[in-house]
Amino acid sequence: MNPAALPTNPPVATPFFFYLLAAVMIIGGILVITRKNAVHSAMALITTLLAQAALYLMLYAPFVAGVQIILYAGGIMVLFLFVIMLISIERTEKERQFNKQWLVGIAAAAALGGLFIAVYTTTTSGRTLFPEGKLTFAEGDNTQRIAGLLFDRATGTYMFAFEIASLLLLVAIIGAVVMAKKRI
Amino acid sequence: MHGVVQYIQSYLESNQTPGAAGNFFWATVYILLVFVGLSVAVIAMNWLERKILAHMQVRLGPMRVGPHGLLQPIADALKLLLKEDIIPAEADKIVFWVAPFIVVLAAFTVFVVVPFGPTHAITDMNIGILFMLGVSSLSVLGIVTAGWASNSHYPLIGALRSSAQMVSYEVAMGLAVVSVILMTSLNEASTGTLSMIGIVQAQQAQQQWFVFKFFPLGLIGFFIFAVAMVAETNRAPFDLPEAESELTAGFHTEYSGFRWSLFFLAEYSAMIAVSSIAVTLWLGGWLRPFPNALQGSTWELVFSLIPGLAFLFLAAMTFYSTVRMPKHPLFRVQTIGLAGFGALLGLIGLILFIPGVRMRVQDIFWFSAKVAGFMYLYIWYRGTFPRYRFDQLMKVGWKVLLPTGLALLILTAVVAMRSELLADVRGVWHP
C-alpha cells in the first residue's frame, strides 16, 4: 500500500486544544499569585506545568513533555510542597501578599509585551524576528533525534552546552552542601 | 451505517495498537477493557491477599460471605460505598477532595502504554517508559496533599515519610531502568528505544530476556527494581507511611468510605503497574517462556493450550472444593454457588481452546501470569518480612541501591560498547 492511500489521523495540534491548554495555563498562573494559601498556589502551579507538558505534546515533542512531567510536576513540585507544608500557614495568611513594586512591575510587563509584539510584527521589507519555522512531524523518533542532537559524533552540536549545564547543577549542589554543613 | 461497521472492522486487519491506528472506537473499547480488567484484578487481589496471608499464618481467612469468602470483597465494596463520608471540620476541603482523585488518575493513566501483547496496548508511545515513570511519580503529589489537607498529625507524618521514601527510591529505580534502555540499543536497528512495545521487541530480537543479559548485570538491575518498586508502592516491608503501630493508617487516616476506597484502588493498581514495568523490562513482557529453545509448530501448539489448561485446572480445584463442602442443608446455596464459579472458570478455559481466541489471547495470558507472579511476591513479602525502620529504609535506598545502580549503569554501558571502546583504544595506540 502506498503511503498516500493510508488514512491520515486527525492532527492533535488543533487550535481548540491550543486555546484550551493556554487558558488552563493562564488561569493556573493567575491562581498561583492570587491564592493566599501557599499549598493552593503550588497545586495551581502543578496544573500550569502539566498543561505546559501537554503543549509540548502538541508540538510533537513527547520526550520534552515526559521530562517536563518527571522533573517539574513529579520532582521539583514535590520538594516545593514538602517545604511549604512545614511552614506555618496561619502566619503566611496574615502577611502582605504583594510587595507593591508597581514601577518595576509595569516596566517588566511592558518589556514582555513589547517582545510579544516584536515576534508577531513583520517589517515592510518582510523580515521577522524569528525565521519562518518549518514543521517536521518527528513524533515517532523524537527521543532518538534529541539524542542525536546531543551526543551524535556527526550531528551533535549541543554536547558542550549540555555538559556545561550539568556541571553548573553540580556546582549548585556542592554549594548547597557546603552552606548547609560547615563540617563534612 | 456501513461506514461505521467498516471503520470498526478496519482496525482488526491493521495489526497495530488502536492508538497507532488512530481508531477511536477500538481505543475506547481497550480503555474500558483495561479499566474493567484492573478493577476485577484489584477485587481478586483483595480476596487473594487475605486468604494467602491467612494461610501463611495458619488461619482460615474470610469464610463467611459466600463459599470460602469469595463474595467478601464485594461485601466490603458495598460497605465502603454506603459508609458515611466524613471530612474533618478543620480540613482543607478542596485539597482533601482532590487528593484521592490525583492518586487514582495517576495510577490508572499509566496503563495507557502497558503492552499486554504486540497489538494489545491502548497505544504505543515513543516515550513509553518515561511516561510510565513520570505519571506514576505524580501519585506522590496526591499522597502529600492528602496528608496535609487532613490537618492532623498522623496523616502529615505519613505523607512526609511517603514522599521522602518515594522520591529517594525513584532515583535507584530510574538507574535500573536506564540500564535496560542501554541494553535495547543493541538490537538489529542498533538504536535504543523507550517504547514499551519496542523494549519487548528488542528482547525478542536479541533472543534473551533482559534479566539474563550480560549476566549478572541484568539480574542486579532487576533486583534493584524489584526492591525499589515495593518501596515505591508503600507496601510491606517498606510500608512505613501507613505503619499501623505508629501512625494509625498514615496519610489516609482521616479518609473514610468512598474516598478511602479510592486510595485502596490506587495502591493496588499502582502495584500492578510497577509489576508490569518489571515484566516488560526484564521478563520479556508478553513473550512465552523458551521461545528459542522450544521452537516449532508442536511447541507453539503446546504453549498456546496452556492458558485454557490453566483455567481448567482452576475449575477442577474448585469442583474438588465443592465436593468437600459440608453436606449440611444450610450449606446448599454456598455449594451451588461454588459449583457455578467452577463452571464459569471451566467455560473460560474451554473458550480459550478455540483456535481464533487462543492465538489472540495467549500473549495477554503470559503477561498477566508474569504480573500475577509479582502480585504473589507482594503478598509473600507482607507475610514474611518485618517492617524496616525509617533510617534503615533511607540507608538501603541511598547507600546501597543508589551506588549499586550507578555502578551497574556504568558497567552496562562499558560492556554494551566494548567493541567500540576497544576500537577506539586501538585507534589511539596503533594509529
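This is a predicted model: local features need pLDDT of at least 70, side-chain atom pairs count only at pLDDT 80 or more; totals for chains, interfaces and linings use all residues.
If you set the limit at 30 Å³ or more, the structure holds one cavity.

Where does the lining of the largest cavity come from? Helix H5 (93-109), helix H7 (139-149) and helix H12 (257-282) of chain B each supply at least two of its residues. H12(B) gives the largest share, with six residues. Sorted by class, the lining has twelve nonpolar residues, five polar ones and three charged ones.

Now let us step back and look at how the chains are divided. In chain B, domain 1 covers 1-10 + 21-82, while domain 2 covers 86-287 + 354-424. For chain A, the assignment gives domain 1 as 11-91 and domain 2 as 141-184.

| Pair of domains | Separation of centres |
|---|---|
| Domain 1 and domain 2 of chain B | 21 Å |
| Domain 1 and domain 2 of chain A | 24 Å |

How do the two domains of chain B meet, and how many residues are in contact? On the side of domain 1 there are 16 residues, and they are in contact with 24 residues of domain 2. The size of an interface is often given as the accessible area lost when the parts come together. Between domain 1 and domain 2 of chain B, the buried area is about 1,800 Å². Carbon and sulfur atoms give 84% of that area.

You can find Pro62(B) in the loop of chain B that runs between helix H3 (24-56) and helix H4 (72-82). Is Pro62(B) buried or exposed? Its relative accessible area is 13%, and buried means under 20%, so Pro62(B) counts as buried.

Which residues does Pro62(B) touch, not counting those up to four places away in sequence? They are Arg50(B), Lys51(B), His68(B), Gly69(B) and Gln72(B).

Technical notes
Residues are numbered from 1 along each chain as its sequence is written. Chains are lettered from A and ligands numbered from 1 in the order in which they are written. Side-chain values use heavy atoms; hydrogens and water are left out. Helices (H or I, at least four residues) and strands (E, at least two) are DSSP runs, numbered from the N terminus. Buried means under 20% relative accessible area, exposed over 50%, partly exposed in between (1.4 Å probe, protein chains only). Contact means heavy atoms within 4.5 Å. On a 1 Å grid over the protein atoms alone, a cavity is a set of points where a 1.4 Å probe fits but cannot get out, and a pocket is an open set with protein on both sides within 12 Å along at least five of seven lines; lining residues have an atom within 4 Å of a point. Grid points are joined across faces, edges and corners, and a volume is the space filled by probe spheres set on the points. Ala, Val, Leu, Ile, Met, Phe, Trp, Tyr, Cys and Pro count as nonpolar, Asp, Glu, Lys and Arg as charged, and the others, Gly among them, as polar. Domain bounds come from an automatic or database domain assignment. Buried area is the accessible area (1.4 Å probe) that two parts lose on being put together, summed over both.
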